[in-house]
Amino acid sequence: MERAMRQIVSSRPAAAALIVISAGFALCAVEYSLHLSDGLRSALNLWVYNNVMLAAAAACVARGVLVRRDRAAWILVGAAVAAWGIGDTIWVFTVADDPNAPYPSAADVGFLAFYPPAYVALFLLLRKRIGTWRASLWLDGVIGALAVAAIGTAVVFQAVLEATGGSPAAVATNLAYPLADLTLIALVVWGLGVTGWRPGRTWGLIGAGLLVFSVSDSLYLYETAVGTYVNGGVTDIGWLAGGVLLAWAAWQPREETTRAAVDGWALLLAPVGFGLAALGVLVYDHAHRVHELVLVLAATAIAAVIARMALAFAENAAMVAGSRLEARTDLLTGLGNRRRLMNDLTDALEDGASDLVLALYDLNGFKLYNDSFGHPAGDALLGRLGQKLDGFVGAWGTAYRMGGDEFCILLRSAGTNAAATVEGAAAALTEQGEGFAISAAVGAVRLPAEGATPAEALRLADQRMYAHKLGARASAGAQSSSLLLRVLSERHPQLGDHVAGVADLAESVARALDLPPEEVLRARIAAELHDVGKMAIPDAILDKPGPLSEEEWTFVRRHPLIGERILLASPALAHVARLVRSTHERVDGAGYPDGLAGDEIPLISRIVFVCDAFDTMTAKGSTPEEALAELARNAGTQFDPAVVGALHAALATHEQAVAVAS
């Protein structure tokens, strides 16, 4: 219950006070609508009506005093309501029953004192509510305010003006009321407009309270001017309703500021509707002449509608241009994206440009960097490298990010320095630090000599870039793996022969599975290094003739993890580190070190596991047929059936080749 109340009102004491105020309002409303008795109505006027209004003022002031947020605005709202309540109290006790009451009286001072603090409070609350002042929303508010002011002036102000007479002070007072009311109505409508017609609960209650207040006063002025006002009617209860609504608005829980909508057809309904209303006033003037002020307001509203339509067109054009730019821009680096490259490349080739150079780059070591430092750091690295590339290319061409860790440049005036520019761009895409080294593989194409279409040029550049990447990786990887294998062979000669046999088998199986050339190479390297972690296992365990104890098996099961750590220390071999870690996992999940199962195990790791088992069995005296049969019996539990089948096919192909050769 308390939580539900706090969703409606921000504190329990305030809720209790507001309930009492609302009960007093309800009592007056029932009496005024049912007309039960003159005596009860008189008592309500004397002791309930005015006290409810003053209590509402006190609630607003208390909100300003007790809560820092919007303090000045709510104190001003309370002061405005209090001024009206004081004026009404003076009117009830000193003016209402006096047939010769002066006009204007002290009560009018209180009534008119309502408006200045209400205007200021409205601006203060709107300033906090809106955040960013959009020109289109500002115009929407102006259009609504002008249209409403034109209609109100045509109806209320015209009637009051025709009935006005007496002393200059009386004339000024009579005209001040409708002008103040219409200004307040216009300001509220303007406020609704600049919030995108989505005021939220708090500001909706504020707007409703001020509107009810000023509309009720306008009705009173109109009815008084035409002689139809009846004391104690709906008009009287409207003033009280406005004060109560403001009191409730003061104690609403804090809301998240809602951004006003700035696009969509629905947003145009308000200015169009108010524009039609202003147009109706101008049409009405042809049949029934209205005051010049009405014409000025209506004509200004129409002009504002025209300006709003022009602004809407300009905003839409800017939004379309921004969308086009965003669709052609990589948000992470600010470079052109693949779509922009294709457009620029197509335009350049269609224009007959010659001596173009397209260069495609792929970062080496980026995946390891991402895994080591996290994706936010990886995004920051891509942003830095993109800016370095863009700064280097400069006036020679344009830099692009293709996605992921791929970049591209299109050179239009490189001339004889094309090769140096391509290499310089690759250097711009390098960065080194503690624990990482980023470089770039490159593939370049001259256009239109080597590619007549964008697709053909990109395909050739991609092939050359990947060949460069594989060559660099193979060279660096071969040097690093050769060093590790030499160390392993020196310590355990039998392991050197074993890993060589496993590597040959793994390469053959990878080819039998139709893996791409780069994956075949990874399979061979992973197989060569799958036992590198055994360098950290004591010789007494590795060379033990009998069965191992559970404690000794614990040492053995750690060697994939040790091997992964060794390989991660070499950037050229980091791409096989995870594969080596998983070379002793079983497809049924009973392997080690992570207990992976099925497709959770990398395919290359499954290949190495099968080839390792086959080589071990044949080294211990089993025939190839016996080893294959054992693998087949354990396929689906220990080994991947598809890999076992590929090994069988690879060995059969090898036997056929040997038979043909002999």
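Both faces of strand 1 are covered in this predicted model: Leu356, Leu358, Leu360, Asp362 and Asn364 on one side, and Val357, Ala359, Tyr361 and Leu363 on the other, are all buried (buried means under 20% relative accessible area, exposed over 50% and partly exposed in between, with a 1.4 Å probe and protein chains only). Strands (E, at least two residues) and helices (H or I, at least four residues) are DSSP runs, numbered from the N terminus. Residues are numbered from 1 along each chain as its sequence is written. Local features need pLDDT of at least 70 and side-chain atom pairs count only at pLDDT 80 or more, while totals for chains, interfaces and linings use all residues; side-chain values use heavy atoms, with hydrogens and water left out.

Strands of a sheet pair through backbone hydrogen bonds, either parallel or antiparallel. Here, 5 strands form an open sheet in the order 2-3-1-5-4, with antiparallel pairing (two strands pair if DSSP finds at least two bridges between them). Strand 2 (397-403) and strand 4 (431-433) are the edge strands, each pairing on one side only. From one strand to the next, the twist averages 20° (axes are lines fitted to C-alpha atoms, for helices over the stretch in contact, and angles run from 0 to 180 degrees between N-to-C directions).

Strand 1 is joined to strand 5 (residues 436-447) by 9 bridges in an antiparallel arrangement, and Leu360 stands opposite Gly443 in strand 5. Strand 1 also runs antiparallel to strand 3 (residues 406-411), to which 6 bridges join it; in this pairing, Leu358 stands opposite Leu410. Strand 4 pairs with strand 5 in the antiparallel sense over 3 bridges, and Gly433 is placed opposite Phe436 in strand 5.

Helix 13 (residues 338-350) packs on the sheet and touches strand 1, strand 2, strand 3 and strand 5 (contact means heavy atoms within 4.5 Å). The direction of helix 13 makes about 140° with that of strand 2. Helix 15 lies across strand 1, strand 2, strand 3, strand 4 and strand 5, and runs at about 10° to strand 3.

Helix 15 comprises 19 residues (375-393), which at 1.5 Å a residue should span 27 Å; the end C-alpha atoms of the helix are 27 Å apart, in agreement with that value (the expected span is 1.5 Å times one less than the number of residues). Among the buried residues of helix 15 are Gly378, Leu381, Leu385 and Val393. Just after helix 15, Gly394 adopts a positive phi of about 55°.
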